[in-house]
Amino acid sequence: MSEPPSSSSKEAIARLREFGYGFDDSGVLRKVDPVTGELGTEPYQFKISESHAENKEHYEKLANQIPEIIYELLELNGLKRTYIPLNMPIERATFVFTQPQPLLQSKKLLVLIHGSGFVLAGQWARKLIINNSLDHGTQLPYIKRAQELGYDILVTNTNDTERFIKNKYIPIKGVSDPLSHAAYVWEHIIMPSNPESVAIVAHSYGASVTKYLTEKYIDFFKEKVFAIALTDGIIGYPPASCKEYIKDVACNWASSREPLDTNLRKEDCSDDYRCVSAGHPEHEWSSYSAMESIFNYFEEKYEKRVRAQKATSQ
């Protein structure tokens with residue numbers, strides 16, 4: 001980043017206005033009408049000059065305002081920040097969002113893990129946020145559905161690994177990369193909260209993060225994590241200790257032109273966990289387009305888990 005991001009939603013909204021944009025009541029990014037000063041109907045326009053570098057720089061500066069706006073929306077929907085590493089000064093720490101805060105013995109816990117790059121907590125795809133709407137590109141639809149279904153929620157923030165201090169970016173000690181961030185969250189927030197049952201949605205590189213967590217905490221996963229939904233993410237070839245478990249709980253909703261839930265697994269595939277169509281050919285759309293199917297999958301897996309537990313206790 002060439003400049004520090006906004007430090008509050010209010011500042012981010014003001015900066016968006018400076019760029020001539022704002023989100024309307026439907027969560028769509030619209031141009032500000034230069035005559036009235038109000039939001040109009042024109043959508044975001046990438047090309048502002050004949051220079052691709054200038055267009056790209058404008059896009060990145062605009063996109064840098066999105067995180068704080070999303071954070072406020074998460075808080076308006078009942079989630080609260082937990083700063084990590086624990087006991088680190090806030091200005092040098094990162095954070096995740098949970099509901100409730102703190103987590104404690106969740107009956108059902110949903111963990112959301114985004115992909116790599118510039119997306120931060122609450123985001124699946126900046127491209128969709130900017131060009132389509134907040135519902136298309138953020139995790140808010142997942143959060144609202146999870147709340148309806150009685151889940152507690154944890155939203156990870158694995159790309160938030162540094163802080164702008166004294167005019168330079170400094171790595172955050174102990175959580176300076178996505179894997180160490182995820183492991184810290186697992187060891188210091190999720191596992192101590194002793195959830196009864198856990199489901200995970202992981203987009204793109206989030207699948208690699210999930211594979212890392214599974215291998216590192218395999219006993220916890222086998223006992224607690226009843227379903228893993230990947231959206232266009234690849235676990236690859238897990239070790240023997242995890243292979244049968246992942247085959248049982250994981251499903252990948254892959255980008256495809258085939259209708260939603262079409263089986264994409266070929267008989268000769270060696271990584272034989274379930275793989276179905278996300279119902280859209282573009283990578284960025286996979287989380288949004290597969291959501292209904294993912295929650296149906298979770299409900300089926302959870303009911304199966306409950307039945308098994310009842311049978312065991314009798």
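**Reading rings, cores and a sheet**

Tutor: The charged end of Lys108 is placed over the ring of Tyr302, at 5.0 Å from the ring's centre. Please note that this model is predicted.

Student: Over the face of which other residue does Lys108 lie?

Tutor: Lys108 also lies over the face of Tyr151, with 4.3 Å to the ring centre.

Student: How many aromatic pairs are there?

Tutor: Two aromatic rings count as a pair if their centres lie within 6.5 Å. By this rule there are 18 aromatic pairs. One of them joins Tyr21 and Tyr44, whose centres are 5.4 Å apart and whose planes make 50°, a tilted arrangement. This pair links distant parts of the chain, since Tyr21 belongs to strand β1 and Tyr44 to the loop between β3 and α2, 23 residues apart.

Student: Are Tyr21 and Tyr44 buried or exposed?

Tutor: Both Tyr21 and Tyr44 are buried.

Student: How are the rings of Trp186 and Phe220 arranged?

Tutor: Planes over 60 degrees apart count as edge-to-face. Trp186 and Phe220 form such an edge-to-face pair, with 85° between the planes and 6.1 Å from centre to centre. Here helix α7, which holds Trp186, is linked to helix α9, which holds Phe220; the two residues are 34 apart in the chain.

Student: Why does Trp186 count as buried?

Tutor: A residue is called buried if its relative accessible area is under 20%. Trp186 counts as buried because its relative accessibility is 2%. Phe220 is likewise buried, because its relative accessible area is 10%.

Student: Which residues of the largest nonpolar core touch the most other members?

Tutor: In soluble globular proteins, nonpolar side chains tend to be buried together. In this structure the largest core has 48 residues, and Leu110, Val201, Trp253 and Phe298 touch the most other members. Helix α11 (residues 286-313) supplies the largest share, seven residues. Another core lies apart from it and has 36 residues, including Val96 and Leu213. Trp253 and Phe298 also belong to one aromatic cluster, together with Trp124, Tyr142, Phe295 and Tyr297.

Student: What is the order of the strands in the open sheet?

Tutor: The three strands follow the order β1-β2-β3, and their pairing is antiparallel. Strands β1 and β3 are the edges, each pairing on one side only. From one strand to the next, the twist averages 50°. Between β2 (residues 29-32) and β3 there are two bridges, and Arg30 stands opposite Pro43 in β3.

Student: Which strands does helix α1 touch?

Tutor: Helix α1 (residues 9-18) packs on the sheet and touches β1, β2 and β3, and its direction makes about 135° with that of β1.

How values were computed. Residues numbered from 1 in each chain as written. Predicted model: local features only at pLDDT ≥ 70, side-chain atom pairs only at ≥ 80, totals over all residues. Heavy atoms only, no water. Phe/Tyr/Trp six-rings, centres within 6.5 Å; stacked < 30°, edge-to-face > 60°. Helix = DSSP H or I, 4+ residues; strand = E, 2+ residues; numbered from the N terminus. Buried < 20%, exposed > 50% of the residue type's maximum accessible area, 1.4 Å probe, protein only. Lys NZ or Arg CZ within 6 Å of the ring centre and 35° of its normal. Core = buried A, V, L, I, M, F, W, Y, C linked by side-chain atoms within 4.5 Å. Pairing = 2+ DSSP bridges. Axes fitted to C-alpha atoms, helices over the stretch in contact; angles between N-to-C directions. Contact = heavy atoms within 4.5 Å.
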